Amino acid sequence: MIRNLLFDLGGVIIDIERQRCVDAFKALGLENAESYFGDYAQTGIFMAIEDGSINVDEFHAALHEKLPAGVTDYQIDTAFQKFIVGIPAHRLKALRDLRRRGFGIYLLSNTNPVMWRGVIANEFGQEGLRREDYFDGMVTSFEAHCAKPDAAIFRYTVEQLGIKPEETLFFDDGLANVEAARALGFEAVHVEEGKEFTDYLPEK
């Protein structure tokens with residue numbers, strides 16, 4: 001029986017657009033900006049801040065070495081957060097409704113402290129609430145020091161949240177992440193582009 005719903009963030013709850021971020025960094029002067037960003041995972045400096053290998057100050061310092069003089073930390077953070085488009089209000093309502101129905105509602109996201117403390121926090125605040133008002137527990141890659149689809153982050157999630165994989169339905173827009181979760185005993189669905197997570201909810 002499914003007792004818990006475990007959600008990816010980008011592409012499932014929050015809308016994202018890679019090209020907005022690429023274009024913003026190109027405008028700042030980052031060479032080969034498109035090489036750092038994937039639809040489901042980042043590379044180089046951007047992966048390092050996402051898996052917690054470096055902190056925000058180290059992230060800024062590493063990027064300043066690749067950017068023209070005069071670019072500020074604020075400009076870097078603003079460009080990075082262009083990846084996030086926003087959370088439609090109906091998804092926030094769906095999360096609240098599912099929690100009221102008695103499901104354990106949890107989050108497992110590959111993300112970074114710049115977005116997590118900035119645009120993501122703001123998006124969850126649009127109803128005057130906080131992230132904690134939508135979820136019973138949250139795991140982020142930068143705090144876990146590992147990222148999906150590594151099995152380690154799923155094991156960390158089970159331990160931190162106190163959930164059982166066989167009682168948990170996982171939603172992700174990345175097929176590799178879905179397959180990794182299934183291999184560890186989770187029920188999991190691939191949320192395809194253009195679909196809503198509510199399309200995949202259990203009937204009972």
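Is Asn32 buried or exposed? In this predicted model, Asn32 is exposed, with a relative accessible area of 52%, a value that falls in the exposed class because that class begins over 50%.

## Overall build

The predicted model shows a protein with ten helices and seven strands. Its radius of gyration is 17 Å, close to the 17 Å that the globule rule gives for 204 residues, so the protein is as compact as a globular protein of that length.

## Surface and charge

The accessible surface of the protein comes to about 9800 Å², and carbon and sulfur atoms account for 46% of that area. The protein carries 21 positive and 34 negative side chains, with the centres of the two sets lying 6 Å apart.

Helix H1 covers residues 18-28, and its buried residues are Cys21, Val22, Ala24, Phe25 and Leu28. These residues cover an arc of only 165 degrees around the axis, which puts them on the same side of H1. As background to such a pattern, an α-helix has 3.6 residues a turn, so residues three or four places apart point the same way. What covers the buried residues of H1 includes H2, helix H3 (56-64) and helix H4 (73-80).

H1 is followed by Gly29, whose phi is positive, near 105 degrees. Asn32 has its place in the loop between H1 and helix H2 (44-50), and its phi is near 55 degrees, a positive value in a residue other than glycine.

## The loop between H8 and H9

Both His145 and Pro149 lie in the loop between H8 and H9. The phi of His145 is near 60 degrees, which is again a positive value in a residue other than glycine, and His145 is exposed, with a relative accessible area of 55%. A cis peptide bond joins Lys148 and Pro149, with omega at about 10 degrees.

In helix H9, which runs over residues 151-161, the residues Ile153, Phe154, Thr157 and Leu161 are buried. They cover an arc of only 100 degrees around the axis, which puts them on the same side of H9, while Arg155 and Glu159 are exposed on the other side of the helix.

The buried residues of H9 pack against both strands and helices: the strands are S1 (4-7), S4 (104-109), S5 (137-140) and S6 (168-172), and the helices are H8 (141-144) and H10 (175-183). Gly162 and Gly137 are 25 residues apart in sequence, and their C-alpha atoms are 9.4 Å apart in space.

Conventions:
Residues numbered from 1 in each chain as written. Predicted model: local features only at pLDDT ≥ 70, side-chain atom pairs only at ≥ 80, totals over all residues. Heavy atoms only, no water. Helix = DSSP H or I, 4+ residues; strand = E, 2+ residues; numbered from the N terminus. Rg over C-alpha atoms; globule rule 2.2 N^0.38 Å. Areas by Shrake-Rupley, 256 points an atom, 1.4 Å probe, with all protein chains shown as cover. Lys, Arg positive; Asp, Glu negative; His and termini not counted. Charge placed at Lys NZ, Arg CZ, Asp CG, Glu CD. Buried < 20%, exposed > 50% of the residue type's maximum accessible area, 1.4 Å probe, protein only. Arc of directions from axis to C-beta. Contact = heavy atoms within 4.5 Å.
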